[in-house]
Amino acid sequence: MHSSFPYLTVLILLPAGAALASVLIPRHMEPRARNAAIWTCGMGGSLATLVLAAVVAVKFDVHNPGYQMVTRHLWVSGLGISWHLGVDGISLFLVLMSAVLFPIALVAGRTRPNFHMFVAWMLLLEAVCIGAFLSLDLILFFAFFEVSLVPIYFVISSWGFEKSASAAVKFFVYTFFGSIFLFVGIIALAIVHQHDTGVLTFSLPALRSTHMPYYVQVLLFLSFTAAFAVKAPVFPFHTWSPDAYAEAPVGGAVVLAGVMAKLGTYGIIRFDLNLFPRASVNLAPLLLSLGVAGILYGAVVACTQRDMKRMVAYSSLSHIGFVVLGLFALVGAGLSGGVLQMVNHGLIVAALFIAIGWIYERRRTWNVAGLGGLQKPAPVLAAVFTIAMLAAIGLPGLNGFVGEFLVLLGTFIAHRWWAVVATAGVVLAALYMLWTYQQAFHGPVDKEVEETTRDVTWRELLVMAPLVILIGFIGIYPKPLLDRINPSVNQLVSQVDKAAGLRAPALPARRAARVSGAVPRRPGTGKSVAARQRAGVSGAASAPGKLVVSRPLRPGGGGLGVAGGQGRSR
Amino acid sequence: MIGATGITVPALNYVAVMPEIALIAGALWIMLATAMSPRRIGSGASLFWTVAAGCVSLGFSVWQWEGVTPHGAYASFDGAVVVDGLSAFVAMTVSLTVIVAALIEEGWMRRRGQSAPEMHMLTLLSAAGAILMGAGNDLVVIFLALEIMSIGFYVLAAYDRRRLASGEAALKYLILGGFSSAVFLFGIALTYGATGSMNLAEIAKYLASNVLLHDGLLLGGMVLMLVGLAFKVAAVPFHFWAPDVYQGSPTPAAGYMAAVAKIAGFAAIIRIFVSTLQPYRADWQPAVWVVAVATLLVGGVVALVQTDIKRMLAYSSINHAGFVLLGVAAATTAGLSASLYYVLVYSFMVMGSFAVVSLVGGPADTAHSLEDYRGLYRRSPWLAWALALMLISQAGVPLTTGFIGKLEVISAAAAAHLVWLAVVAMMSAAVAAFFYLRVVMLMFSPSYGPPAGAAGAVDSGSMVAGGEGVPEPGSVAEGGEGVPGPVGVSSGGGVATASLHGEEGIVGGGGDASGYDAVAGEPAGERIPVPLSTAVALALCSGFTVFFGLFPGFLTAMVHVVTTAIPIH
């Protein structure tokens, strides 16, 4: 589907151009005018991107599950690299979320020294992140995926806190190390495809039909996943994240946790599942286990943190675990939930980091031990924090609930015991969040503190308002999102099932029908009835038959433990 | 490889060696003008003639290229010199390198208040050797070219004669280089003994039509030639000279040597091994694999522990040599394309890096500790950006030439079923990313280094109170090796001050620079004066790195033309 106007290319070039413009503003201008010019550049660029992203969302065809607004130009002819962009239901909301979060992150970082560079790096990062979400060429994706490290490196190391320089290097090198596996994997895949067809290309739709031996698929799957797991971060590869999140400036932490972490999970859904369906199905238990381990480990460690920023970092690990769980459930509900949860987590973690940034501005500490009683002098701040916190916990009516519910629903259908264990993460989330809230906002309050601490200003509230509104809106009415996510996700699931089923004797149709038909009737995850109904409405009523909840077909003789045995045990 | 071997009077087609002639003529002209002119020829004039010679040589090599691409290769001088895609490519690359190197050398001398034409002359002469090495189709010619190039390098390394380290580097380079040349020569002799010819075309013809029953002699010759060339390109385990020589040599010369020696060395490796000794690929290829892996790993890992930026860049150049070798080890058309592309873009990256190092090193060319880069961004933001770009490109971050180079090499290796070598290479690249970033981190960190007193003890931080470049006698830590006299003369650019080492100076000496919060009000230190010529060179290198990183099509197509002409079976 060709559109006349290259929306997606402009969507990438717009923030990049604004970044360039903010660097080129002459140094000799009068400081006030110069700051205003930089500010106009930054906000103008990012808001224009937001408007354009909204236009893309409006023009997006709800009923088309494939890539839309595709642009394709050959970039490096000798190497078969092309400027190949497209958007589908999976990437649409990630792009929108990025477009929402970057202006907010910019405002949150407004008082930095060397402001023009901050604006330039952030806008460049926006261009690169949106580019990565839109790329349909593997090398193009890799280029965006890698280049994103440069601006965030400078943002963390230049405007971060005391140990930011070493945290930034740790982050850069750690992710770079993960990426080399992706790099070699992409090239190996293209070479395999070249041997197969004689065409050297890095285009995702072309590479999807590559024939390769099963062990090659597994190796490539692992190499791709290594990079994505580091970036996300998935449980054992997360060690860079608490440092990087804690040392980054507020604006940097927002985009790092909100947008850049999604590059990893997005990579999993876009490339792992698309390119290596059989390996994905067979190795799903491994990734599910890592996801669950991340959920529990992140939650437990978050409980022990006194430092609020590190607490959010570990809670983020836990939430990313939910995303991974949803993706590797490999059923419609789980994947939809995973995609939605990516967006949700971006919004929630941004709100949390900004609220914590406010607290730091007032009290100069991240440590809950040094806080206490904040609610009294700053009730609005407390209210905003409460909303973000409750969304993170997964309170029905806020966006976190919808995503987590769908994830757990999907996982329960396909891999029951992982879902059961993961539910513990929800409980622990309530524990560490409420605990932190209690220590920071309640309790006795110093007289002096009460007098000196001011509440949030209107301007600050204006920054937070879009996040709170979106958190509430998605929580109450996720239909517009799910309507667009579901077709793409269902197409992906059916592709995965088909590819994975090639080797296996087809699952008896009767059983598949029984499983998918049984979903509405089977009590799921122990959530309240009202909550279940709401999610049911959001999925079923919006697009009947679209939220296909089917078991993935498993290759026969896989013998993959609990999951494999479940179908029989029923 | 195209053997037009006449037995009678050799046809002397001077067109085949026009680039070399242009460079040598330039060098001779500068030498004559210096000797004959009644007044002293300034380095500005010699810079002009050097760049002019480089441009003429570039013009001739482009002309050769234009002739070769449609009409095919031809040999001259009794088949001893060949003009083909590879030779024209080497000539173009080396000519460009000469131009950039001359600009950097000029800036370096300006800052020292010197104006002497010798450095430019040596650059031209050694470049002529390098171009001839790419064009040599006879083992003896290749050897002679190698020596022309190397002797120029030895003298360049010793150029900074007042600094002990420079002489030491040159001596080390001379002895080890002489040794490796002897090994190479012995390899030539053995090969001659085995095949009965020194001409590569003859050797190839002989090997194609005869099967050696006892090939020990040839194998021995191959090993020795590989060792000799591996020494020149600083491949492990023949790399030990590189860090010492790079550290001791004048900084611009180090960058130039790193670039040109690799171009010429790899051209010879490709011509001798991949092209001529193709039938013996099964014998030399494993050896190249081993050398490549060792080079990648040693270069990457040992660079981690370096505290001197020139040594670090030396090990990083070893690491890059490993990447180029990986392309050679693949021994496919794609592999050779990748190698040539890599070595081309690497020369610009390394010369850009050394250009910045030559300025930060100060007039005495001694401030090369990594600590000297702390807070460079606050002192000279443009220099910091330029070096950051060069290092990021060397790390292989996308949208730079370094990324495309790595992409090509890894693709070629994977296509040649060397996936595990590719993985090793990328791991070493990840390790390398760390030490590049460490420099970037230092440059962009707020300059709250050790207090001025401590800094003075370590690297002779002179404190210039905003004056007009007052030299600080006795503040040179290296045993008085610094250049006496008015070293602080500011360059033609007219930048206000030049401290002895470009070291962070603290106005009034009272400011306490320790502590994070003091950053905003802290004097940023002396801005490093950037001579115009170095700025031009940096702009060239940066522009090249970014432009061809974004649009690599032209270069990849060009190297592809070169390598498709090389017969690979």
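Four acidic residues, A:Asp446, A:Glu448, A:Glu450 and A:Glu451, come together as a negatively charged patch on the surface. Keep in mind that you're looking at a predicted model.

**The acidic patch on chain A**

- One of the patch members is A:Glu451, and you'll find A:Glu451 in helix 18 of chain A, which covers residues 447-452.
- Is A:Glu451 buried or exposed? With a relative accessibility of 62%, A:Glu451 counts as exposed, because the cut-off for that label is over 50%.

**A salt bridge inside chain A**

- A:Asp88 and A:Arg270 pair up in a salt bridge, and their closest N and O atoms sit 2.6 Å apart.
- A:Asp88 is in the loop between strand 2 (81-87) and helix 3 (89-108), while A:Arg270 belongs to helix 11 (residues 250-275), so this pair ties together parts of chain A that are 182 residues apart in sequence.
- Both partners are tucked away from the surface: A:Asp88 is buried, and A:Arg270 is buried too.

- Where does B:Arg112 sit? Look in helix 3 of chain B, the stretch made of residues 85-112.
- B:Arg112 has a relative accessible area of 7%, so it counts as buried, the limit for that being under 20%.
- The side chain of B:Arg112 forms a salt bridge with the side chain of B:Asp160, at 2.7 Å from N to O.
- That pair links distant parts of the chain, 48 residues apart: B:Asp160 lies in the loop between helix 5 (139-157) and helix 6 (164-195) of chain B, and B:Arg112 in helix 3.
- Like B:Arg112, B:Asp160 is buried.
- B:Arg112 has another contact as well: a polar atom of its side chain lies 3.1 Å from the backbone oxygen of B:Pro363.

- Which residues are joined into one network by salt bridges that share partners? They are B:Arg112, B:Asp160, B:Arg163 and B:Asp365.

Definitions and conventions: Residues numbered from 1 in each chain as written. Chains lettered and ligands numbered in written order. Predicted model: local features only at pLDDT ≥ 70, side-chain atom pairs only at ≥ 80, totals over all residues. Heavy atoms only, no water. Helix = DSSP H or I, 4+ residues; strand = E, 2+ residues; numbered from the N terminus. Buried < 20%, exposed > 50% of the residue type's maximum accessible area, 1.4 Å probe, protein only. Polar contact = N/O pair within 3.5 Å; in protein donor to acceptor, adjacent residues only side chain to side chain. Patch = residues over 30% accessible without salt bridge, like charges linked within 9 Å, V, L, I, M, F, W, Y side chains within 5 Å. Areas by Shrake-Rupley, 256 points an atom, 1.4 Å probe, with all protein chains shown as cover. Lys, Arg positive; Asp, Glu negative; His and termini not counted. Charge placed at Lys NZ, Arg CZ, Asp CG, Glu CD.
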